[in-house]
Amino acid sequence: MRFVLEVDMGETAFDGRAAEELGRILRYWGGNLGHYALEPGDAETVYDSAYRAVGGWRVTGPELPGTAGTAGTP
């Protein structure tokens, strides 16, 4: 299976605080993932520190042949 996290940083990359915001998002979801079975179809919306929806994560089915380790593949 594949875990996909997508975050839209907008035109300003979180007003120049991209590393800070992405770190917060990763810390929050890293601690929260234990509440999920992490099976294909599981998904949630990801919010920034101002509680604006900025993306999401999802668990998908098996990888497609030839895509192992390919960044940006759905």
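This is a predicted model: local features need pLDDT of at least 70, side-chain atom pairs count only at pLDDT 80 or more; totals for chains, interfaces and linings use all residues.
Colleague: Quick one to start: are Trp29 and Trp57 buried or exposed?

Modeller: Trp29 is buried, and Trp57 is too. Buried means under 20% relative accessible area, exposed means over 50%, and partly exposed is in between, using a 1.4 Å probe and protein chains only. Trp57 comes out at 2%.

Colleague: OK, rings. How many aromatic pairs does the count come to?

Modeller: The count comes to 5 aromatic pairs. Rings of Phe, Tyr and Trp (its six-membered ring) pair if their centres lie within 6.5 Å; planes under 30 degrees apart are stacked, over 60 edge-to-face, and the rest tilted. Take Trp29 and Trp57: their ring centres are 5.7 Å apart and the planes sit at 70°, so that pair is edge-to-face. It links distant parts of the chain, with Trp29 in helix 2 and Trp57 in strand 3, 28 residues apart. Trp57 also pairs edge-to-face with Tyr36, at 5.0 Å centre to centre and 90° between the planes. Tyr36 is in the loop between helix 2 and strand 2, 21 residues from Trp57.

Colleague: Is Tyr36 buried, exposed or partly exposed? And which residues form the aromatic cluster?

Modeller: Tyr36 counts as partly exposed, because its relative accessibility is 24%. The cluster is made of Phe3, Tyr28, Trp29, Tyr36 and Trp57.

Colleague: You keep saying "strand 3". What order do the strands have in the sheet?

Modeller: Helices (H or I, at least four residues) and strands (E, at least two) are DSSP runs, numbered from the N terminus. The sheet is open, with 3 strands in the order 1-3-2 and antiparallel pairing. Strands 1 and 2 stand at the edges with a single partner strand each, so one side of each has no neighbour in the sheet. On average, neighbouring strands are turned by 15° against each other, direction ignored.

Colleague: How many bridges join strand 1 to strand 3?

Modeller: There are 6 between strand 1 (residues 2-7) and strand 3, and 5 between strand 2 and strand 3. Two strands pair if DSSP finds at least two bridges between them.

Colleague: Which of Glu20 and Glu21 counts as buried?

Modeller: Glu21 is the buried one, at 3% relative accessibility, whereas Glu20 is exposed at 53%. Arg24 is partly exposed at 24%.

Colleague: Last one: where does Asp48 lie?

Modeller: Asp48 is in the loop between strand 2 (43-47) and strand 3 (53-60), and its relative accessible area of 2% makes it buried. Its side chain has a polar contact of 2.7 Å with the side chain of Arg52. A polar contact is a pair of N or O atoms within 3.5 Å; within protein, one must be able to donate a hydrogen and the other to accept it, and residues adjacent in sequence count only if both atoms are side-chain atoms. A polar atom of the Asp48 side chain is also 3.0 Å from the backbone nitrogen of Ala50. Leaving out residues up to four places away in sequence, Asp48 touches Phe14, Glu21, Arg24 and Val54, where contact means heavy atoms within 4.5 Å.

How values were computed: Residues are numbered from 1 along each chain as its sequence is written. Side-chain values use heavy atoms; hydrogens and water are left out. Axes are lines fitted to C-alpha atoms, for helices over the stretch in contact, and angles run from 0 to 180 degrees between N-to-C directions.
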